[in-house]
Amino acid sequence: MTTLPGTEAGAGAEAVPAAAAANAAPAKSTPRPAGPTESAGPDPTPRTDTHPGTTAPPAADTPPGTEPPPGTEPPPGTDPGNAFLAKAAVVTAVLTVAGSLLGLVRDQALAHFFGAGSATDAFLVAWTVPEMAATLLIEDGLAFFLVPAFSLALARRAAAEGAGGPDPVRALVAASLPRMTLWFVGACLAIVAAAPLLVAALAPGLPDPGLAVDCTRLTATCALSFGLAGYCSAALRAHQRFAAPAAVYVVYNTAIIATLFLLAAPLGVRAAAVGVALGGVLMVVVQAPFLWRQLRLRGAAARQAPRGEQAVRLETAVIWTVLLFALCRQSQVLIERFLASSLPAGAISHLNYAQKVAQMPMVLSLMLCTVTFPVVARALAAGETERARDRVERDLVLAGCVVLCGAAAIVAVAPDLVRLLFQRGAFTAADTAATAAVMRVYAVGLLGHTLVGALARAHFSVGRATWAPLAAMGVGILTTAGTGFLTVGTWGVYGIAGANAAGICVTAVLLLYALGPRAVPLRTRAVAGQLGRLTLAAACAAGLGAWCAHHVGPPVAAVATGGLVVGVSFLAAGWGLGVPALRAATARLSAPSSATRKRRHDS
């Protein structure tokens, strides 16, 4: 829900801190004092301080005259305007929703063919490999240190434009990609060889460990394919190209679904593992041409870098902190499956289906943070700490709005939603009741998951080693493990889901208060105050939505009614509680109608 160590660009090479990009940025007319470990950078345009989550003056994101026209793409290495960020967020969200919906279809197909029995449990143990690979190599791990590294290289490229010098981006790719590919191949082979030991460690009480071993060996290819896909995604996002990285889960889930329908009869649940392997290859295929185009266009005008000239390096300590954090975060899933393996057959499946549906609001809420992560990294590299802080604060509040509204909807309509999505074929009414109850428990921790994802990006966007995220995640994992061991005997899968929510919320609180002058100095009280009011609004909306959904018959109507009531009541409660982000959104929505009325009155 991270790659191998040792992927630094060169052994013994001197690392270049991300803050050095301040020296590469074009000089502005009025310098300002540099922040800690930063060179003197450009002075941001004067601005009026705003509440986190409200709209800042346009100059916050782009100096006057630099914002590209709506619908156009800014040159890589320059600051995109608000219009471009909005467009990129919409494109990313649409493709992510499509990928998530296909993920639901994938889970529906799995439930239809194999139900929630021992065969599905065996595959889901093997599913740990692509799950962990996605976190380490696509979603968190690689992106957290590659995006700042590519942002620094792009800043140097922009500063040397027209000078005929070497291309820092191509130099970074040449220094890092071959070595990282070797590590990906080694990890793939290691997983294949150690598959029996992995299955025994992850699920010692599994009824059919041999089937899980076969599936694990098939999914081991993800260590290579996901690594290459994650590298392409990070490089393209740093170049402000978001469509291809957002499409990876569309092709991935499509491959799994097609393979299930074609091969489920002859191969059984192994067909799903074959689909995972094929989908990983398609993830690379859909992105590689776009990255090659970015490198080829700039490389045609660049001469070969002289031997011995210093290029952007991946600092070893940064890689360790990022990968250990991502690995520690993903270990929540390992703890859950270890505890669930001792429960009756189907427990792992119930947890899996509940988590897949419940996490959709979290995935949507992090889309904005995914798009703005390169913007924050570039601002910090240029020494513009205030602009980075305002961007992170707005992202936290807006992401909180999305995930809390979604969590309220999940709580309100969980039974009808699971019945609508999964209750067919081998998936029984008892499976629906168990999955829906677990889903409601998971929903309690959704805000924590979103904040951890957003705050981790803020911590790692500085481009230098920081151990605070790993320490916070370690405390959260201990909370999850301890609570789970204490509650699994009494509460079963509900205790496991509750332990997950408790651990991630502890991590989120620690990460929020750990940001400081060396990273992004947030106005913590203001952010926490808005999130607290949004949580209260979500609780009210969930209660009202559940009451309305309970009094509606068919599942489709119940889900639609409950979701609509939750959305309207969440906005109304948030506005009534005085959340600045919601009031600002309401003002923006009402502004065009007011202007129209004025024109009509003048005429």
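This is a predicted model: local features need pLDDT of at least 70, side-chain atom pairs count only at pLDDT 80 or more; totals for chains, interfaces and linings use all residues.
**Exercise 1.** Classify the ring pair Phe144 and Phe325: stacked, tilted or edge-to-face?

*Solution.* A search of the whole structure finds 13 aromatic pairs. For Phe144 and Phe325, start with the distance: the ring centres are 6.4 Å apart, and the cut-off for a pair is within 6.5 Å. Next take the planes, which meet at 40 degrees, so the pair is tilted. Now place the residues: Phe144 sits in helix α5 (residues 141-159) and Phe325 in helix α13 (residues 316-340), so the pair ties together parts that are 181 residues apart in sequence. Both Phe144 and Phe325 are buried. To finish, widen the view: Phe144 and Phe325 form one aromatic cluster with Phe373 and Phe460.

**Exercise 2.** Work out which kind of pair Phe226 and Tyr252 make.

*Solution.* The ring centres of Phe226 and Tyr252 lie 5.5 Å apart, with planes at 75 degrees, so this pair is edge-to-face. Phe226 belongs to helix α9 (residues 222-238) and Tyr252 to helix α11 (residues 248-267), so parts 26 residues apart in sequence are tied together. For burial, the cut-off is under 20% relative accessible area. Phe226, at 0%, counts as buried, and Tyr252 is buried with 3%.

**Exercise 3.** Compare the span of helix α23 with the expected value.

*Solution.* Helix α23 covers residues 555-576, which makes 22 residues. From first C-alpha to last, α23 reaches 31 Å, close to the 32 Å expected at 1.5 Å a residue. Buried residues in α23 include Gly562, Val565, Val566 and Phe570. After α23 comes Gly578, with a positive phi near 80 degrees.

How values were computed
Residues are numbered from 1 along each chain as its sequence is written. Side-chain values use heavy atoms; hydrogens and water are left out. Helices (H or I, at least four residues) and strands (E, at least two) are DSSP runs, numbered from the N terminus. The expected span of a helix is 1.5 Å times one less than its number of residues. Buried means under 20% relative accessible area, exposed over 50%, partly exposed in between (1.4 Å probe, protein chains only). Rings of Phe, Tyr and Trp (its six-membered ring) pair if their centres lie within 6.5 Å; planes under 30 degrees apart count as stacked, over 60 as edge-to-face and the rest as tilted.
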